[in-house]
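Please look over the fold before reading the points below. They go from the sheet to its helices, then to one residue and a pocket.

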Amino acid sequence: MVEIGRRYEISSLTNEKVKFINSLSQRKYRRETNLFVAEGVRICKEALENSWEIKYLLFDKSNKQNLIIENLINQAMSLGSDVVGVTSDILTKISHKENPQNVLGVFAQRWSKLPKVVNAETFVALECIRDPGNLGTILRTIDGVGATNCILLNECTDPFSYEAVRASMGAIFSVKVIASTNEKFFEWKKKNKINSIGTSLSNAVNYTKTDWKLPFVLLMGNEQNGLSDKVLNQCDQLIKMPMLGKSDSLNLAVSAGIALYESIRKNPK
């Protein structure tokens with residue numbers, strides 16, 4: 001039986017709980033605690049609807065008459081979360097934004113594993129990407145096309161960083177995030193006979209001429225260097241987006257969106 005959470009208020013910026021939650025802006029402390037921060041009523045509500053474990057719910061205590069926030073408070077408390085009324089200054093400090101959302105949740109991270117059984121599914125694998133905004137936007141796009149898996153190869157930016165969570169617009173709570181080495185990924189891909197499609201500026205065909213047969217994995221690399229040779233050599237097909245102006249490439253998240261929506265056109269649901 002889940003214990004009902006406590007409800008109380010904090011007004012001091014130097015309160016130890018405020019300091020602790022604020023420390024989650026750093027990857028070091030997110031790793032140590034396995035916690036992260038998400039902002040906004042809709043996003044926190046979505047997290048609870050997807051059964052994510054919540055540790056703390058902070059809300060602007062000046063919004064006492066907000067029925068939507070009150071319902072979220074009751075839901076969080078029923079799940080054992082502490083609910084803390086705080087000042088807008090505290091929310092500003094923790095969110096690192098001048099105009100913070102009036103609700104903020106602290107959740108336990110959730111990592112998934114490479115699935116043992118693969119059906120007619122869409123996967124996205126990202127190798128060593130560095131930009132959290134790109135990662136969050138790609139998670140949002142993965143969710144937008146009805147896919148559910150994002151594989152992070154080797155050392156990528158943290159999907160649970162403030163920037164990535166914000167950019168995902170709640171998709172972090174519906175897309176399974178999987179961390180893998182290249183070697184384990186290659187073995188899994190081969191065992192499950194997954195059509196692998198990598199993005200590249202050379203030796204590649206137009207993305208519209210690609211065989212998007214399911215299951216497939218779209219592989220994309222580091223913003224500066226693209227996919228490593230080791231990964232490129234494991235791809236069944238290489239694709240590119242035509243560049244008709246002076247730029248030689250598109251933003252990583254934009255490219256992912258174009259490719260994934262082309263896959264829907266080829267595999268209508």
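1. Two strands pair if DSSP finds at least two bridges between them. Strands (E, at least two residues) and helices (H or I, at least four) are DSSP runs, numbered from the N terminus. This is a predicted model: local features need pLDDT of at least 70, side-chain atom pairs count only at pLDDT 80 or more, and totals for chains, interfaces and linings use all residues. Numbering starts from 1 along each chain as its sequence is written, and side-chain values use heavy atoms, without hydrogens and water.

2. The open sheet has five strands, ordered β1-β4-β3-β5-β2, with mixed pairing. β1 (7–10) and β2 are the edges; each has a single partner strand, so one side of each lacks a neighbour in the sheet. From one strand to the next, the twist averages 25 degrees.

3. β3 and β4 (residues 82–86) run parallel, joined by five bridges. Leu-57 has Val-83 in β4 as its bridge partner.

4. α4 lies across β1, β3, β4 and β5, at about 155 degrees to β3. Helix α5 (residues 88–95) also packs on the sheet and touches β1, β2, β3, β4 and β5; its direction makes about 130 degrees with that of β3. Contact means heavy atoms within 4.5 Å. Axes are lines fitted to C-alpha atoms, for helices over the stretch in contact; angles run from 0 to 180 degrees between N-to-C directions.

5. Which residues of helix α3 (residues 41–49) are buried? They are Val-41, Ile-43, Cys-44, Glu-46, Ala-47 and Leu-48. Buried means under 20% relative accessible area (1.4 Å probe, protein chains only). These residues pack against β2 (35–39), β3 (54–60), α4 (67–78) and β5 (103–108). Just after α3, Ser-51 has a positive phi of about 65 degrees.

6. Asn-149 sits in strand β7 (residues 149–153). Asn-149 is buried, at 4% relative accessible area. Leaving out residues up to four places away in sequence, Asn-149 touches Glu-121, Thr-122, Phe-123, Val-124, Ile-142, Val-175, Lys-176 and Ile-178.

7. The largest pocket holds about 510 Å³ of space. Among the 21 lining residues, Thr-199, Leu-201, Gly-226, Ser-249 and Leu-250 are the closest to its centre. A pocket is an open set of points on a 1 Å grid over the protein atoms alone, where a 1.4 Å probe fits, with protein on both sides within 12 Å along at least five of seven lines; lining residues have an atom within 4 Å of a point. Grid points are joined across faces, edges and corners, and the volume is the space filled by probe spheres set on them.

Key
Buried means under 20% relative accessible area, exposed over 50%, partly exposed in between (1.4 Å probe, protein chains only).
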